[in-house]
Every structure is written in C-alpha cells, then in structure tokens.
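Dear colleague,

Please find below the structure that I am handing over to you, followed by an account of what was found in it. I would be grateful if you could read the account alongside the coordinates.

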Amino acid sequence: MNWIQVDELRVTLLVMVALLSWVVLRYTWRNFALEPSRPRAMGWMIGCLASVTVTLIANHFILFWLSWVSISVCLHRLLLFYPERSRAVLATHKRMITARIAEALLAVSFIQLYLWSGDPTLSGTLDYFSATGVVPLGGMITLVIAALLSCAQMPFHGWLMQVVESPTSVSSLLHAGIVNLGGFLLLSFAPLLTEAEAARWLLGVLSAVSCGLAILIMSTRISIKIRLAWSTCAQMGLMLLEIALGYYSLALLHLVAHSLYKAYAFLSSGTVRPIHNVLVRNSWVTLGWFLVSLVMINLALWFSFGHFKPTAAVLLSLSITLLMSQAHKFSWPKSILLALVWVAIYTALTLSAAQIMQDGRVHIGLDLAVAAWFIMLVALYWWLEQHVAHAVSQRWFIRLNAGLYIDEWFTRLALWLWPRPEDRHRYDSVDEEKSAS
Amino acid sequence: MSEFIQLARQQCARVAPMWPLAESIAVNPCWFFTDKPVERVSAIWKYVSDIDLVMDRAFYRQQLLQGHLDEQMLPMDATKCLSEPQRLPRWFNVTDIVDQLQARQRKMLWKDEVVLQISQFCGLHTEFPERFVDESQPDNGLYRGWLTVVREDKGIATLMAESQLPDYFDPLPDDIDALFHMLADDWLRHYSEDALNYYLFALLIDVLGWSSALRYRDWDPSAPHHNIEPVLSLLGIRLAWDYVLWQWAKDTSTELFNRLSQRFAQQAARCQRDCERVEQSQKILWQCQRAYEHKQLLNYRLASKSEGAQQAYPKMQAAFCIDVRSEPLRRALDGQPGVASIGVAGFFGLPIGFRSQGQRRPQLPGLLTPQLWVTEKDVATPSATITAIGELLDTPTSSLNAVEVLGLAKGIGLFSAHNEVEATDTPQSDLTINLADNEQPLLDALAGTLTSLGITHFADHFVWVGHSSHHENNPQRAAMNCGACGGQSGAINARLMCQLLNQPNIRQALSARGIDIPERTRFYAGLHETVTDRILPLSEAFPDAVRQTFEQASAAVRDRKQYPQTRSGLNRLAGLFKKTRDWAEVRPEWGLADNFMMIIASRQRTASIDLDGRAFLHDYDAQQDPDASILAALISAPGVVAHWINWQYLTSVTAPTRLGSGNKLLHNRVAQNVGVFEGNSGDLRIGLSLQSVWDGTQWRHRPCRLQVVVEATESQIKQALDASPSFKPLVQNRWLYLYRLAEDGQLIQMYA
C-alpha cells in the first residue's frame, strides 16, 4: 500500500509551496526580529507548511486527513496570534465552525469512497474508478462541499476577511497557500469529478455565485487588506468554477498564479500607493469593444482548443475591453499590440498548464449559464458605476459594502457558541494598577 | 438653545489634525489643549476616555527604585503614594453604560459596533467621494451620507440582535444643525455646561482618529480654528448613535432605561468633582515625571562660554537639519580639524513645494503653506503602461482574468528588491524653478536663513545636508523622513539651496543685502540617509576632502550608535544597507526616538558634549539678534515642530493603544491612504507604531517633555516669548521646559 504519491500536479504544487515557504518564512523571521514571540510565529508557520507538504504528497486517506487537520490546527494558533484582540478571537471562532464541518465532511467522504472501492488510497480509488467506470456520487458531493467550505466560499466566507487581525505574513500564508487546498483536493479526484454530474452542478453554481458577488463586494471596500481578502474569496470561486466546468488545466494555472500574486500583494501591502478601479468613460464604445473582443476571443479559443469556452472568453474579453478603453493612455497601435500579447500569454499559459493536468469533459450547459451570470453581473456593476447618484445604485452599493448581510448571522452563531468571557475589566471604573500591565 | 452647537464647535476645534500617510508629520494630539495646564488636560483625557498622557504608577515606582528620579524634587511620601492602588472615576457614554447594564456576553458590544460603523462609514466617504461627497454641504455631505447608509443598512440590527433598531434612525433630522438643536432642546436640556463639555469631548475622542483625519481635510495653517464642519458632523453622528440607543432603551426595557438615565444623570452631576479627583490622583505622577526629566537633564553639562572654542576659519562647513539624528554625525564631523557644522531647520527656510506628474507635495513644515513650486524634468517614473496594466488587477471586472495572465509575473516581485527610493534622492538634472517671477521671495528666504544662522565666514566648501530614510514597504515611512520638509525627503531643499547659492546673480543680490559670499566658496548638496548614517552626494560629486570627511564621520557614528537588530563590527554598514532594501523590515531605524532636548545656542557650547542623539540643535547667536526677533521665529517654527515630534513620541509611549498606532504587523492602509487601521477593527489610528518606540523588551523612547535651552539674555528670551503666541503657553502650562544657558554653562529655568 502506497502511503505517498508524486505526480506532475503534485510536483508543480510542491515547487510552488517551496518557493512560497522560503519567501514567507524569511519575511516572518525579519518581521518578528526582536520580538519574544518570534519562535512561536516561526514554529507554527513551519508546522503549517510541513503539514501542507504532507497533504500534497499523501496518498493514503488517513495520512491525507491527519495532515489536513494538522494544517488547520497550526493555522488556528497563527490566526489567534494576538489572543487579546477580541475580533481576532471572533474570526477564529467563525473559522473553527467552518473548518470542523469541512474536516468532518472530508472524513465522511473518504469513508464513503473507501466503502465503495475497498481501497483506502487516492491512487487506488482512481484505479478502481477507471476499471469500473462507476462514480460514487454521494462521496463526490460531500467532497465538493468540503472543498467549498475550505475555500471560504459564501456564505462561509466571513472568517477569511476578518483574520486580517493576525500578522501580514500569516494572511499571506493563508491567502496564497492554505485556502487553495480545496482546489487541490478536487483536482486530485479530477477523473471521478468529471463524471459526477450533480456534484459539478452543485460546485459550479455555488462557486459562480460566490465568485461574482465577492468580486463586486471587493470593489466597495475601503482598506487594502480587506480588498485583498474579498478578492481571494472571488478568485477561489473562479478556481472552483473552472474545476466544475472541467477546465482542470486552467484551474491549476489559476491556483499557481493566484498564489504568487496574492502572496506578493499581501506582503507588499505596506507600500503606500493608490488603488484605482479603472473607470470606463463611454459605455457605448466600451460595449462595442466588449462585443468585438468577445467574438474574436471565442474564435481564438476555438482555434486553440478545438471547442468554445464561454466563461473563459467572457472574462478574457472583459480584460481586453478594459485595456482598450484605456487606449488614450498609450496609443492605438500599442493598445492593440498589448491586447494581442495579453491573449497570447493567456493561451500559452493555459496550454502549458495542460501539459501538467488533463482537462476533463467540458460541460457546455453549465459553462453557458455561468457566462450569462457573469455578463449580468458586469452589466450590474457598470450600471452601478455609471449612475452613482441614483437611489437604486446607492442602495446596492450599501448592500454590497455590507457583504449582503450574510456574515452577521454567522457572527451571532459564533458568539452564541463561544460567549465573550465575562471578566474583561472593560467597564469597571478603571483600576490603574491593572491597566498598567 | 444655540449655545449647545457652540459648545460642540469648541470641542471640535480642540482636535488636532492628522496628515495623510504620504505627507505624515508629527503632531501633538493635544495641540489645541495647550492653553491649559498639562496636568489638567491629562486629567480630562484620563477621565473621559482612559487615555494616559503620563506614565503610570508602576513605571515611576520602577524608575525610583533604579535611581532614575531626582529625589530632591519628590515629596517625602512619594514611595507610599506610588504604591497606593487607585480606583479612578470615569465618564461613560450611553453606549458604554448600556454595554455594562445589558449582559452582552453572547452579543456584540455596542461600543465596538458603533465605533466600527462610524469608522467604516468615514472610510467610505473618503474612498468613494463620487458617491458620498456633496460639495454644496459645509461638511461635504458627511452627515447626510451617514444617514443614508445607516438607514439602509440591515446588517447592524441582525448583528446586534435588536430588530427594532433601524426604526430609530428614521426620525433623525436630515440636517446637522437641526440635530444639534433637537437634542439640545429635548434630551440634553437638563445638563450643565460642564457636563455637556465632558460629554461632547468623550464622544469625539471615541473616534479620535477619524476626527483628526477630518480636521485635516480643510486644514488651513493660517486659520487653524476654521473649517471644522466635517468634525462637527462626525460629532453629530456619534451623538446621534448615543441618542438612538437612549431612545431604544426607553422603549425596550423600563428597568434598563431607569438604570441608564440614573447613572447618566449621576455622572453628569458630579463630573467636575470626578475630574478633579483624577487630577489630584495624578499629581504625584506629574511630580515624578518632572523628577525623571530633571535627573536626565543633569547628565548633560553644556560647555561654558570660555571653554568651547570654535574654529574661526573652517575649511568646510556643513548645514544639517536640526533633527536629533544629525547630532551624533555632527559631533563626529566637528571633531575633525577644519570642519564646522551648522544646525538649521531642514527646509532651510525655503517656502516651497514639489510638483511631479500632477502630484504636489509640500517641502516645508506643516504650519506653513508653500508659496513657490519646484519641478524636476527627468524624474524616472514607472511607465504608464505598467501602471495601467497593473490597475487591471484592482478592477473587479478584469481582475479574475488578469490574475491568470499576470499572476506569475507579479510573483517575480517576491524574489526581487523593490527599491522605493524617491527619484529626487538620486538626481539626474537640475531642479526647475521659475526664477523670474519668484526672485524676491526666494532672496528673502535665502537672506533670512543665512542671517538667522549668523554665519560671518563662508568656507571654501559649504554643504547643505537634507535627510531621508531609505527603506521599503512602510506605510508610515514619512514619519522617519524630514518633519521640517512636510514628511518628505529633504533632498529637494538641499539641492535648491545649493543650486541658487552657486548662481552669481543671486550672490550679487545677496551681497546687496549685506551677505557677502566669497567667490571661491562652492555650495554642495548632500543627503543624510538615516538608516545607514551615510551622507550621499546630491549635487556634482563632492571634492575628495569633503567625501573623506563625511565617510570618516559616518563610520565613527556607526561604530558607536545603537541600531535596531544589527551587530557591531566590520559588516555593520552592509547589515544596515540590507535593512534599506528589505521589505519585511519593521524597524529600519529608531527614528527620533528618545528625543529630549532642544538647544538654541552657538555650536561651541555643545560641540564637545555627547548628547546621545537626543537633542535638536539650532545655531543661534544672540548678539546678532538685539530685538529677539530671530529667536521668536526660532521658537515659534522649529521650536513648535520639535515640540510636536516630542509629544508624538511621548504620547505613543504613554498611551500606545490610543495615541499610538499599534502593531505594525497588523497595519492596514485605509481609504486613499488617509491612514491605517490596526487589523480591520475600530477607529483610524494616529501616532507612531509600537515598533517605533518599543524594542520587544523595553521602551526605546524615554517619555520626557522637551527641555528647551536657549543661549540669550533673560530679557531677550522674555521678549521672544511675548512675540510667540504659540510657544509661550507651552512654557506657561508645562508642555515643555525652558532654560536659559548662562555663561558658565548653568541652566536657569525660565517661566513665562
């Protein structure tokens, strides 16, 4: 029985984790210089990263599950690095609810798979599947829910935003690394997932909703780290969505690219520079650009991959549209060149990723539905941006800014489960000797 | 009752402004309280919001044991007084009282949520002006915007588990004046003026960070008491929350409301007495504080007039900013033969600002307004293409796809250095300034600076040295830069000084004003990089003699100075240089920590004394200032700047959680970089981060008020104080101490 396994996917991720570990650990080491808490920070971080490494190479279900839980435990200590911060405590409690459910579901899913195939390893399960061609739908659905939870998808997202109450390097480790594990989990079971139709629908719909809403909410937030956190929620949504659509190579590319980008963005968040939402000036011209690039890109993708990719085409067209609407900042030839280079890079990267990870069966119905959902959201976004004075726009802006009032219920649940300790001395007439310490 | 709004305005005017991150300069958070005795203000802040302006009993007890207090200045029973535990009365706002009366272990606390809601809204108002700013309103639409948001927001009621709460925002008037009138006529009708003053200030100080940021919004240095409308609206918003909670309590529970109104009335009735009790209890603390400062002052004995001999004809002169970090460097320079250093405020008296790529930034103290604008031709900038493409990652519609295309490329940044040094610190060409129109004010400025320094002899080489801190990824970097240059690098001012004074026509014009600069004198510009204590050339390369002198002085400083987490020895410069390029570095330098004295005197009185990098040194020759006008200018400009820096450091130590900005590892830039949150909770943060004053085991800044020493006659000092309305109350009310430096080197305390 093989306890560990290594393949192209895992090697890619191991290299990424090694690079990130080097950067994040070095950063932490320097950050905590002179602090008595330095060994504690380094210790739990190394524990976390070691557990991640084990999870990546684990083949046996028990090893996989134990290392998965171990990541969670180490991360818990890091998120609660300043236990005197009441909001850090609250966020950690919220995460505990989500993490415990996800771990339980993962265990249930592994048990279901074991009962179905009689083999307690990942490779064994996949072999059994390729031999029989039957899919354990129940096991896959539990797995998908576990992945959604561990990728902090809505409505279980609140903790991800609120753990900015822990040091920057912890945020970076979490957002660039650990939160991706849900994606890795599903990619490891990719062949089974391809055939589990209901699981794909579930994953696709929930992640598309979460991704679209989170990215809109991001644009209404006011601080750098919270914006980055909402962006993570949306990017994880897109990664899971790509998995649901069968674009495993794209999901892998997304996972790696997002990790590096987000690690950089968090670690450099101290640099004072403005954040700009690019605004579009003339909406009709922009719409024209969007339609033109949508057609062209669909064709380009069809030529490159042999089939249409509606969601990918919509997202790519949105970037190109925005690039072209900024043409006044460069020059026309330059912006067209930029757009071409952009598409070329995208295609090249996707094709390279396909060398590592095979795509699954494309799910064109779900794909079209998701593409339509994104177009609708973009229309909403553009309308909100263009009509700032309109009462409806104002109302939606306030709602989005408040995170659509989803997380408040979760906060109450967490506080109900873990009430605040009574003895906080907060509102006694202040006792000087105590406040001194 | 129109007086109520008048009281509110008075309280708002007491908030000190806070500059945004990129131009951040040190401010005394109590600046508009300096008309009152420091002990009284300390009691008020302690009483209304538990903010300390003086250290606690445990601190002084320890200092007393270690012999750091001058026991002659202490009462006999000091030890006993310091060990008595104290229970002090405190003012509580309605939110606080409701939190105490309701058992909210399983619910969010009102105080936390109210501050968070207001804080997040102020962020929205700043970050999304197109949605919330209404120019037609005196407060830019702050109050109306808040009403819209709070009436719409369904989340608060869910979160607080009080479903009727939103109903209470509907009856609030749409106009801020009407709100104040309504509350004055009804709810707050019965309270005394004293009680209302405490209450209004207690509300304001709950959101001190945003009050300070809003206070800056329309800040006009020439009329500091004007333009308080945004702060007034913020106070109105905070007051409205208390009122809403009051009304809600009234309808929700009779028992809760009875206890609430009873407690509120009780504290309103005895607030004056309570605050006096706090003042009484803090009396011993201020006595200890004085003894603590005095003991340290005894360590420094300045030279008598006959002792210190200054080189009459130096070969080289270097003018430094008065910043305390230049003191060790100047000492090392002055120890070398033929070298004389000069101390002057680091903007060198130039009333300028710097313009680059449509951005303007001041290059002078925060109390002044730029009159002239300087530009630079060949500023190297990140290309527009890179910036525009990078913005795709920030924009919601494109960011999903942009991550896949650009993410890997961005990841390269993880492994490369980021070199954030300003382009102005590595000049490529001369600065551009429109001399034709601005010759007169520039000549005035140059003549003013040179006269006030009292230089009678110009050496062959004269270097103007600005200063700047080269390090990365620090939202509060401006706090380490030149405060006299508006939190910027002093390079622009040094370069402009050198550029102007080397021009023959300017020299001619100065000569007409009685300032003769010999033809052989060349001016140079340099930059004191304060992380590594190097002096970098900014103009044409220094002559060898100058370069060597500087290098020797820098090396001498590096041999002795204590730097954060760097070992001494041969590789020290390399180690320090590494810090300038490390994006994870949170303690690039201690900055101005441990600042203690300001000495306005001729250099010969201080040159031979080791002042431990704790003194601001400004050159001054009283004989050239018979009417004390130069002295008056010195105490009201550099003197006030030094006091602001001193009080920023002091309060960041006495109240690190309220007047300091907390842990740097949690800093989170907010709303167009107006400031930082710690994590995402609570108010905007003011002051210095913990890392700037704390080394992991102890304070790096000894909390002392500034001790100002002036070498002049008694009557000159009195005259200067009378001519400086901003500085005189600081002395009168003990926000700093003033001494006259006698001929024999004695310090004689002066009272205003």
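In this predicted model, the domain assignment of chain A gives domain 1, residues 8–267, and domain 2, residues 283–386. The C-alpha centres of domain 1 of chain A and domain 2 of chain A are 27 Å apart. Between them, 22 residues of domain 1 of chain A are in contact with 21 residues of domain 2 of chain A. On the domain 1 side of chain A, the elements that give two or more residues to this contact are α1 (8–31), α10 (190–195), α11 (197–218), α12 (224–244) and α13 (248–267). The largest share of that side comes from α11(A), with 6 residues. By class, the side of domain 1 of chain A that touches domain 2 of chain A consists of 14 nonpolar, 6 polar and 2 charged residues.

A helix pair in chain A may also be of interest to you. Two packed helices are described by the angle between their axes and the distance between the axes. For helix α15 (residues 310–325) and helix α16 (residues 332–356) of chain A, the axes come within 9 Å and cross at roughly 160°. Because angles over 145 degrees count as roughly antiparallel, α15(A) is roughly antiparallel to α16(A). The crossing of α15(A) and α16(A) is right-handed. From α15(A), the contact draws on L316(A), S319(A), I320(A), L323(A) and M324(A), while α16(A) supplies S335(A), L338(A), A339(A), W342(A), V343(A) and Y346(A). The contact of α15(A) with α16(A) has 9 nonpolar residues, 2 polar residues and no charged residues.

Turning to chain B, the assignment divides the chain into domain 1 (2–292), domain 2 (316–381 + 419–656 + 694–750) and domain 3 (384–415). Taken over C-alpha atoms, the centres of domain 1 of chain B and domain 3 of chain B are separated by 42 Å.

In chain B, the axes of helix α5 (residues 94–101) and α14(B) come within 10 Å and cross at roughly 130°. That angle makes α5(B) oblique to α14(B), and the crossing of α5(B) and α14(B) is right-handed. The residues that make this contact are V94(B), I97(B), V98(B) and L101(B) of α5(B), together with L256(B), R259(B), L260(B), R263(B) and F264(B) of α14(B). They divide into 7 nonpolar, no polar and 2 charged residues.

One residue of α14(B) deserves a separate note. L285(B) is found in this helix, which comprises residues 254–297 of chain B. L285(B) counts as buried because 24 C-beta neighbours lie inside 10 Å, and the cut-off for a buried residue is 20 or more. Leaving aside neighbours within four places in sequence, L285(B) is in contact with V54(B), R57(B) and Y60(B). The C-alpha atoms of L285(B) and N438(B), which are 153 residues apart along the chain, are separated by 52 Å.

Finally, I turn to the contact between the two chains. Chain B contributes 84 residues to this contact and chain A contributes 88 residues. Helix α17 (residues 396–411) of chain B gives the largest share of the side of chain B that touches chain A, namely 14 residues. The residues on that side of chain B divide into 31 nonpolar, 28 polar and 25 charged.

Yours sincerely

Methods
Residues are numbered from 1 along each chain as its sequence is written. Chains are lettered from A and ligands numbered from 1 in the order in which they are written. This is a predicted model: local features need pLDDT of at least 70, side-chain atom pairs count only at pLDDT 80 or more; totals for chains, interfaces and linings use all residues. Helices (H or I, at least four residues) and strands (E, at least two) are DSSP runs, numbered from the N terminus. A residue is buried if 20 or more other C-beta atoms lie within 10 Å of its own, exposed if 12 or fewer, and partly exposed in between; C-beta atoms are placed from the backbone. Two residues are in contact if their C-beta atoms, placed from the backbone, lie within 7 Å. Ala, Val, Leu, Ile, Met, Phe, Trp, Tyr, Cys and Pro count as nonpolar, Asp, Glu, Lys and Arg as charged, and the others, Gly among them, as polar. Domain bounds come from an automatic or database domain assignment. Axes are lines fitted to C-alpha atoms, for helices over the stretch in contact, and angles run from 0 to 180 degrees between N-to-C directions. Angles under 35 degrees count as roughly parallel, over 145 as roughly antiparallel, 65 to 115 as roughly perpendicular and the rest as oblique. A crossing is left-handed if the near helix is turned anticlockwise from the far one by less than a right angle, and right-handed if clockwise.
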